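Subject: Structure for you to look at

Hello,

Here is the structure I promised you. Please open it first, then read my notes below.

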Amino acid sequence: MIISKPYLLLSSGDPSPSQEDIHVTRRLVESGKIIGIDLLDHLIIGDQKFVSLKEKGYL
């Protein structure tokens, strides 16, 4: 079963992950493990580009 909950946060337009993005992603991964939910990816979208934290190795 896949459950998705999208969120939209406003940013400067630079899709590079901040230290806070990386920290939150790691906390979500750990929290998900506790309750049996896998975090599939964390995307940052800006200036018609996006960054996948999974592709960057943060998941």
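**What I found**

The chain has 59 residues, and 20% of them count as buried. Keep in mind that this is a predicted model.

Start with the layout. The chain holds 1 helix and 2 strands. From the N terminus on, they run α-β-β. Now the contacts between residues at least 6 apart in sequence: 50% of them join residues at least 24 apart.

Next, the helix. H1 has 17 residues, which should span 24 Å at 1.5 Å a residue. The C-alpha atoms at its ends are 25 Å apart, so the two values agree.

Which residues of H1 are buried? They are Ile22, Thr25, Val29 and Gly32. Look down the axis of H1: these buried residues fall within an arc of 95°, so they line one face of the helix. The face turned away from that buried side carries exposed residues: Gln19, Glu20, Arg27, Ile34 and Ile35. After H1 comes Gly36, which has a positive phi, near 80°.

Then find Leu39. This residue sits in the loop between helix H1 (19-35) and strand E1 (43-46). Leu39 has a relative accessible area of 32%. Buried would mean under 20% and exposed over 50%, so Leu39 counts as partly exposed.

Last, the surface. The chain as a whole has an accessible surface of about 5300 Å². Carbon and sulfur atoms account for 56% of that surface.

Best wishes

Methods: Residues are numbered from 1 along each chain as its sequence is written. This is a predicted model: local features need pLDDT of at least 70, side-chain atom pairs count only at pLDDT 80 or more; totals for chains, interfaces and linings use all residues. Side-chain values use heavy atoms; hydrogens and water are left out. Helices (H or I, at least four residues) and strands (E, at least two) are DSSP runs, numbered from the N terminus. Buried means under 20% relative accessible area, exposed over 50%, partly exposed in between (1.4 Å probe, protein chains only). Contact means heavy atoms within 4.5 Å. Accessible areas come from the Shrake-Rupley method with a 1.4 Å probe; for residues, only the protein chains shown count as cover. The expected span of a helix is 1.5 Å times one less than its number of residues. The arc is that of the directions from the helix axis to the C-beta atoms.
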